[in-house]
Amino acid sequence: MADGGAVFVIVVVVVVKIAIILCVCNKLNQRSKMQTEPFPNDSRFIPLAMVKFLDDMEREKPIRFTAQQLRIATENFSILLGSGGFGTVYKGLVSNGIAVAVKVLNGTSDKRIEEQFMAEVSTMGRTHHFNLVRLYGFCFESSLRALVYEFMVNGSLDNHLFKASKGPIIGFEQLYEIGLGTARGIAYLHEECPQRIVHYDIKPGNILLDSKFCAKVADFGLAKLCNRDNTHITMTGGRGTPGYAAPELWLPLPVSHKCDVYSFGMLLFEIIGRRRNMDVRLADSQQWFPIWVWGKYEKKELKDLMMVCAIEEKDHEAVERMLKVALCCVQYRPDTRPVMSIVVKMLEGALPVPEPLNPFSYLFSGVNEVDYSLARLAWNDGGSDWSSSDVNTKSTVVADTPLMRRHEITMASE
Ligand SMILES: Nc1ncnc2c1ncn2[C@@H]1O[C@H](COP(=O)(O)OP(=O)(O)O)[C@@H](O)[C@H]1O
Ligand SMILES: [Mg+2]
């Protein structure tokens, strides 16, 4: 009987243990299912070695992906995020569900520029700041040249500023923070990173927003990457985007980092107005917002402006400061525009903003008479003619090369 009792106890213990093991297994199974939930089909999942991937990211090494890996990560480039002058952007998932944005660059790869490409990507991959979009890696194959960025869940600022009906409207305080964050990101590129990086294409489409709507400047280093070889130029007729490009980019004048300051000023106007600077649907006098703002500022009629832009009383002071900073940034002469670290301090209110001069006097033909045809020229002649090149579909096998070792680039593992 005593033996029977012992056997009974042993059986109970074994059953309980089995139940516990089954329970734990079930929990683990559920968790792994949850992790792959956005990616339920296992064949679409890149079996990258998670630890190595994170390790490389931590050590700030850009990772080299094969075209095949990116094809799988993006489900054959099926989720389009948008397209611009340099290429087309797709959403992807790599390594245990890390979301990425894969920018497929226009033009074909050329072995001759492989070294320059890697040197550039290597610099971009090591340029880190809270207000800059992180570059994880790249692909350089004959069939595909692509850059792999961290995915920004709230997309680009233009979608929020100009298409407010599609999503939640960002409040003014957040917009002010976005302006300030953008200024800090550009200041870092110009003044703090080891080698100055001029962006050349500051505009709302290149300001991305993370889950907390913090601003991250995207596409820095890209102009240099894409313009270094004539056969790979994706823009013709000048750099930058019409309306944001400084006069020196579309006139035969010397170009410096101050062209970004000009574009940042144009961006500030759009943040304040929540409208595109050029809106042909409006009456002539209001079509180009920056000139209209200058008129209001000059005539001390900023109250009108606050009303038209629906700015609440509590934000008037900050908006006035932003407007004055914007007017300083878009001065015609680059040397009269402030550097970005000063812009940051002026926006923060740590430095007073000087009274701006008329930035648009070069557009005035007569006494107080704006030549709108010139204003339109300023808008249109920044180089809007994009060309796209054929993409070669043949793929090359990439191995670990001395070139990659020199730039401390590692392959994404299978
Ligand atoms: N890292 C990213 N995360 C999320 N969306 C992105 C990312 N990069 C680009 N996008 C989206 O793709 C669009 C196209 O990008 P891009 O080709 O750089 O063109 P542009 O800068 O002219 O808008 C952007 O406007 C943005 O909406
Ligand atoms: Mg962009």
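## Terms and model

Helices (H or I, at least four residues) and strands (E, at least two) are DSSP runs, numbered from the N terminus. This is a predicted model, in which local features need pLDDT of at least 70, side-chain atom pairs count only at pLDDT 80 or more, and totals for chains, interfaces and linings use all residues. Residues are numbered from 1 along each chain as its sequence is written, while chains are lettered from A and ligands numbered from 1 in the order in which they are written.

## The sheet

Strands of a sheet pair through backbone hydrogen bonds, either parallel or antiparallel. Here two strands count as paired if DSSP finds at least two bridges between them. Seven strands form an open sheet with mixed pairing, in the order β2-β3-β4-β6-β5-β1-β13. Its edge strands, β2 and β13 (410-411), each pair on one side only.

β3 and β4 are antiparallel and share eight bridges; Gly92 has Val100 in β4 as its bridge partner. Three residues lie between the strands of this hairpin, where Ser95 takes a positive phi near 35 degrees. β4 also runs antiparallel to β6 (residues 144-150), with five bridges, and Ala101 has Tyr149 in β6 as its bridge partner. Six bridges join β6 to the antiparallel strand β5 (residues 135-141); Gly137 is opposite Val148 in β6.

## The shell around ligand 1

A residue is near a molecule or strand if its C-beta atom, placed from the backbone, lies within 6 Å of it. There are 21 residues around ligand 1, and those that come nearest are Gly82, Gly84, Ala101, Met152 and Gly205. At least two residues of the shell come from each of β2 (80-83), β3 (87-94) and β4 (98-105), and β2 gives the most, with three.

Domain bounds come from an automatic or database domain assignment. Ligand 1 lies between domain 1 (44-150) and domain 2 (157-407), because both give residues to its shell.

## The nonpolar core

A residue is buried if 20 or more other C-beta atoms lie within 10 Å of its own, exposed if 12 or fewer, and partly exposed in between; C-beta atoms are placed from the backbone. A nonpolar core is a set of buried Ala, Val, Leu, Ile, Met, Phe, Trp, Tyr and Cys residues joined through C-beta atoms within 7 Å. The largest such core has 99 residues, and Val102 and Ala146 are among those with the most contacts inside it. Helix α9 (residues 258-273) gives the most to this core, with ten residues. In β4, six of eight residues are buried.
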